[in-house]
Amino acid sequence: MPPLEGSTDDAALVARARRGEAAAFEALVRRHYRPAFATAMALTGTREDAEDICQDAFIKALERLEDCRQPERVGAWLLQIVRNRAHNHRAWRKVRETEPIEERDAAVEHDPHRAMRRDALRRKLESALGTLTELQRQVVLLHDLEGMAHKEVAELLDISEVSSRQHLFVARRLLRERLGTSTIEEYAHD
Amino acid sequence: MTDDPIDLTALDPTADGTRFDALVGAITARAEPLLRARHARLNGFGQISAWRRPVLLLAAAIALVAGASLLRPRQVTTRSETTLAEAIGTPSSLATWAGSGSPPSPADLLTTSGEGP
């Protein structure tokens with residue numbers, strides 16, 4: 001883990017990245033990857049697309065770093081870029097949705113059985129998430145995957161905190177129905 | 001009905017450290033030329049910035065000197081009117097006589113020649 005991550009505030013990292021410091025940019029990527037991924041995942045529905053969008057969004061953010069008027073809130077600014085790119089990506093996917101999606105999994109887990117189990121669970125989760133509305137997906141991923149509080153989720157998605165709670169409640173109920181109790185238990189002990 | 005969080009760690013991109021490092025590495029590799037360009041651009045501006053202060057100081061000093069010389073009150077040189085006769089070395093009394101049209105008295109002649117009272 002690079003020494004910059006966690007020890008420097010966002011504004012300082014943005015200032016250093018603007019000067020071309022690779023370590024500062026990498027620290028920003030590591031710090032904001034999870035919320036970016038959760039947002040992209042909610043909007044596209046697949047991990048592969050979410051990863052592509054995150055990569056594009058971070059590069060786009062670097063190109064336009066001077067446009068970030070509140071460097072201390074670079075996370076929120078970045079998520080806006082992620083959302084824009086996810087919407088563009090979905091439009092692009094609609095055009096070429098007949099093409100097969102290549103499965104890419106660069107990393108190999110040490111335990112192949114565990115990796116297979118995990119992969120199967122991930123697919124079930126992706127499938128179940130796909131049945132939710134976009135807003136429900138965003139709320140449940142930002143809250144349960146990223147660990148954001150309702151206040152943060154509400155601010156980010158421009159909804160009320162009450163609405164965030166309601167969407168989360170419904171999303172969790174639907175996910176449980178889709179996944180089934182056995183999958184959730186298996187998942188919990190994996 | 002329970003409202004416990006759903007365990008979504010299978011979707012967590014950071015859960016697998018090796019995979020996450022690869023993801024970050026892919027982004028930073030793409031970012032490298034952009035970061036290099038930023039660094040180079042900043043260095044170019046840095047050179048200019050480094051010279052900016054001394055150049056400004058020098059310009060300010062020149063402006064100060066020029067301004068001071070412009071604002072300094074000019075020395076008024078009062079020069080008396082010089083007649084043509086004086087300019088060519090003729091005593092003014094002779095020129096007066098010539099201009100009056102009447103001949104000088106003997107006393108005037110003595111005064112002009114330096115032998116008078």
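Q: Okay, a crossing is left-handed if the near helix is turned anticlockwise from the far one by less than a right angle, and right-handed if clockwise. Which way does helix 6 of chain A pass helix 7 of chain A?

A: Helix 6 of chain A passes helix 7 of chain A in a right-handed crossing. Helices here are DSSP runs of H or I with at least four residues, strands are runs of E with at least two, and both are numbered from the N terminus.

Q: Which residues make that contact?

A: From helix 6 of chain A they are A:Leu135, A:Gln138, A:Val139, A:Leu142 and A:His143, and from helix 7 of chain A they are A:Val153, A:Leu156 and A:Leu157. Two residues are in contact if their C-beta atoms, placed from the backbone, lie within 7 Å. By class, this contact has six nonpolar, two polar and no charged residues. Nonpolar covers Ala, Val, Leu, Ile, Met, Phe, Trp, Tyr, Cys and Pro, charged covers Asp, Glu, Lys and Arg, and the others, Gly among them, are polar.

Q: Before we go on, what kind of model is this?

A: This is a predicted model, where local features need pLDDT of at least 70 and side-chain atom pairs count only at pLDDT 80 or more, while totals for chains, interfaces and linings use all residues. Residues are numbered from 1 along each chain as its sequence is written, and chains are lettered from A and ligands numbered from 1 in the order in which they are written.

Q: Got it. What are the chains built from?

A: Chain A has eight helices and zero strands. Chain B has four helices and, again, zero strands.

Q: Which residues have the most contacts inside the largest nonpolar core?

A: A:Ala36, A:Ala40, A:Cys54, A:Ala57 and A:Val82, in a core of 55 residues. Such a core is a set of buried Ala, Val, Leu, Ile, Met, Phe, Trp, Tyr and Cys residues joined through C-beta atoms within 7 Å. Helix 2 of chain A gives the most to this core, with 13 residues.

Q: And what does A:Ala40 touch?

A: Apart from neighbours within four places in sequence, A:Ala40 contacts A:Ala50, A:Ile53, A:Cys54, A:Val82 and A:Ala86.

Q: How do helix 2 and helix 3 of chain A sit together?

A: The axes of helix 2 (residues 22-44) and helix 3 (residues 47-63) of chain A come within 8 Å and cross at roughly 135°. Axes are lines fitted to C-alpha atoms, for helices over the stretch in contact, and angles run from 0 to 180 degrees between N-to-C directions. The two helices are therefore oblique to each other. Under 35 degrees is roughly parallel, over 145 roughly antiparallel, 65 to 115 roughly perpendicular, and the rest oblique.

Q: New topic: how many residues of chain B meet chain A?

A: 29 residues of chain B are in contact with 36 residues of chain A. On the chain B side, 16 are nonpolar, four polar and nine charged.

Q: Last one: what about phi at A:Asp158?

A: Its phi is near 60°, a positive value in a residue other than glycine. A:Asp158 lies in the loop between helix 7 and helix 8 (161-188) of chain A, and it's exposed, with 7 other C-beta atoms within 10 Å.

Notes
Buried ≥ 20, exposed ≤ 12 C-beta atoms within 10 Å, placed from the backbone.
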